[in-house]
2 protein chains.
Amino acid sequence: MSWFCDSTRFDRWLARKLLARLGDPEVPLVLWDGRSIPDRSAPGRVRIGDRRTLYALAQHGELAFGDAYAAGRIEVEGDLVRVLEEIFSAPARQRIRARHTALRRHRARPSTPREARDNIHQHYDLGNDFYQLWLDERMVYTCAYFPTPDASLEAAQWAKLEYVCRKLRLRPGERVVEAGCGWGALALHMAERFGVDVTAYNISTAQIAFARERARERGLEDRVRFVLGDYRDIRGRFDAFVSVGMLEHVGREHHAELGHVIDAALTREGRGLLHSIGRSQPLPMNGWIERRIFPGSYCPTLREMAGVLEPWGFDVVDVENLRPHYARTLEHWLERFEKRAAEVEQRFGAEFTRCWRLYLAGSIAAFRSSSFQLFQLLFARPQREPRWTREDLCAPFVPERSERCEK
Amino acid sequence: MSWFCDSTRFDRWLARKLLARLGDPEVPLVLWDGRSIPDRSAPGRVRIGDRRTLYALAQHGELAFGDAYAAGRIEVEGDLVRVLEEIFSAPARQRIRARHTALRRHRARPSTPREARDNIHQHYDLGNDFYQLWLDERMVYTCAYFPTPDASLEAAQWAKLEYVCRKLRLRPGERVVEAGCGWGALALHMAERFGVDVTAYNISTAQIAFARERARERGLEDRVRFVLGDYRDIRGRFDAFVSVGMLEHVGREHHAELGHVIDAALTREGRGLLHSIGRSQPLPMNGWIERRIFPGSYCPTLREMAGVLEPWGFDVVDVENLRPHYARTLEHWLERFEKRAAEVEQRFGAEFTRCWRLYLAGSIAAFRSSSFQLFQLLFARPQREPRWTREDLCAPFVPERSERCEK
């Protein structure tokens, strides 16, 4: 039996099973001989190039899908994002049950300091110039905040930085520690606009080098210290702790450790903000993402995020779910990425390009379909003067003329 | 040895131990012979009337304090609220540890439907006219929302009702179910201002009778159905689920049951709001409150609240901690209560009056000192059109002239 001959009854049965396992989304599978399962029209279809790929899908699910898509053995007809969104949205109780079981069996890659460095290196050290092709000018690689849906990505990332600072009510001269600072945009924003002293940690060498250079350019070296180090390396006492887009990489085996670090880092009047991709139910990361994109990652539920802080008696002050904002952010990224796709392909090859396309499109679909959430959680030591209302948070987001980055 | 003779060295040692157990607050204990432990001046002091009371404090803690205060065997010199606030705020790691242990041993009164009815009856069926002495005109017995700290209680309760409806984005014609509706203020507000159909449950007969009468007066009988029943009695499907100040009475043994009820009650597009007194760490209710004021009560942490919803895959959309608003609400209640204290005492006796004074003052102190939180948690089924920003929530709270209750 050749792998390339016509599909058999077993192949077609397997395809139907695959769809049923996904909760029967309105996305037919088209087999290598052109047969569609089920046989009906739909705005989007998934073409499976050969029997080997079909079997791999049956055996390895998401991981096989991603790898086969990247390799071109799976093609998606129609709008990639919408097809994935339909798959993620299919009423899939059986899938959720299956993944619950999976979580019990699941062991994410460990994330001790050394492994964390390897995990992070794999994704963030691809080269600053790769990310510069499609991120905003400040190089912010986390969910933006769009005051209106039609705001530009630049404006929305500025608003996000500003929003985080507003939530923390930063005052001039305060000491802030940031865990997982990316290319340094938030650290620089806090120092420049709010006059605070920042110590920012990151284990990506490429990012830290970039951030230090930006600090030099903007004359902020005396107020922002970028440290090549893990959150577990944080030393000293600070008025505020902030972490945007790091908790996903911490791994839930290390949540307790992170809570301890936060408690040790904060003064008696301290407060903090955790910003993280989350889930509504505890589920392992998509198998392909966990293996190929973000090794060691785990997106916590709000219950789990609250559990990081609970042992230390912090008051949770405010939680905002910015899910639609991450879908919008990713739409911008994908659009920019596609504009530079030829360059990416020339430099990194076709498979890499298809891989990133799937990752960005799949992430849009995941946020649109509620598979992912984005929790921004504000917490504080018991405070004498808590915020009265959210009115100050709702003020318009208007960058001042003097914003150096706006030049 | 007479109980009324001078204090012994053992008595004084015990008093010091008591203070140490509380984390050494700046509140000296004055023994029956006038000796102060420690011997220094302070803005507030606690007078212990006899040796029996001292021993009871050592043995039963909070419960003995409350009972002795109500009976007049303990007097507080200085501002009652401030003294209690100082006691609650004392850095008391040892106390927290002790209470953690207590929680493991602790078994709150069970809260099956029958016991829940008895528990609720004990507090809420004291007579509507008792509560009318000091609640606002709408009879709202939960945390208000003060757009500014100097808003009147009337305006703040109106704003709270409005705020809850805004958060839920109620639309005319929708069906709403309310679990634990008190005297019906929110149910009536939702129907009157937002044109929704409300089914509201409560197990307090006195409250339900009052609520039905109000519905008749306001011509809302066709749109608001008040049902004498437990949250477990909810039948039917609704667009929104709302519960303000009931979760505290549910008891954590029944959180899973409540989650199941919410899931069963909501349509595929449904959403809901849980408003509850909370904690930053899992602790049993103050022993005196649990025994004398709210039998069977337990105030959950945010982690525990999120845990009610997590098994059902609801997205948590927004969490707001209204802790300072409950302190302010209680300040209004205590002030109004004191104005009518003579009437209360005449009708219910001195012990009852002192008991309520301690309960209200202690609650102010608990919210001010962060011993209690107030979580307002908004959740939803995965939604196609989630709220974009909180801007609509921040709009001014201006009752229309036609507000019937404003007449």
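## Symmetry of the two copies

Chain A superposes on chain B with an RMSD of 0.0 Å, through a turn of 180° and a shift of 0.0 Å along the axis.

The model is predicted: local features need pLDDT of at least 70, side-chain atom pairs count only at pLDDT 80 or more, and totals for chains, interfaces and linings use all residues. Residues are numbered from 1 along each chain as its sequence is written, while chains are lettered from A and ligands numbered from 1 in the order in which they are written.

## The interface

Chain A puts 31 residues into the contact and chain B puts in 32 residues (contact: C-beta atoms, placed from the backbone, within 7 Å). On the chain A side, the elements giving two or more residues are α14 (302–309), β10 (315–321) and α15 (323–339). Helices (H or I, at least four residues) and strands (E, at least two) are DSSP runs, numbered from the N terminus. β10(A) gives the most, with seven residues.

By class, this side of chain A has 13 nonpolar, ten polar and eight charged residues. Ala, Val, Leu, Ile, Met, Phe, Trp, Tyr, Cys and Pro count as nonpolar; Asp, Glu, Lys and Arg as charged; the others, Gly among them, as polar. The copies meet through the same surface, because 100% of the interface residues of chain A are also interface residues in chain B.

## Strand pairing across the chains

β10(A) and β10(B) (residues 315–321) run antiparallel and are joined by three bridges. Strands pair if DSSP finds at least two bridges between them. A:D318 stands opposite B:E320 in β10(B).

## A sheet within chain B

In chain B, four strands form an open sheet of mixed pairing, in the order β2-β1-β3-β4. β2 (36–37) and β4 (74–77) of chain B stand at the edges; each has a single partner strand, so one side of each lacks a neighbour in the sheet.

Four bridges link β3(B) (residues 45–48) to β4(B), and the two run antiparallel. B:I48 has B:I74 of β4(B) as its bridge partner.

## Overall fold of chain A

Chain A has 17 helices and eleven strands. Its radius of gyration, taken over C-alpha atoms, is 22 Å; the globule rule (2.2 Å times the number of residues to the power 0.38) gives 22 Å for 407 residues, so chain A is as compact as a globular protein of that length.

Of the 407 residues of chain A, 49% are buried (20 or more other C-beta atoms, placed from the backbone, within 10 Å of the residue's own).

Note on methods
Two residues are in contact if their C-beta atoms, placed from the backbone, lie within 7 Å. Copies are superposed by least squares on the C-alpha atoms of residues with pLDDT of at least 70 in both. A residue is buried if 20 or more other C-beta atoms lie within 10 Å of its own, exposed if 12 or fewer, and partly exposed in between; C-beta atoms are placed from the backbone.
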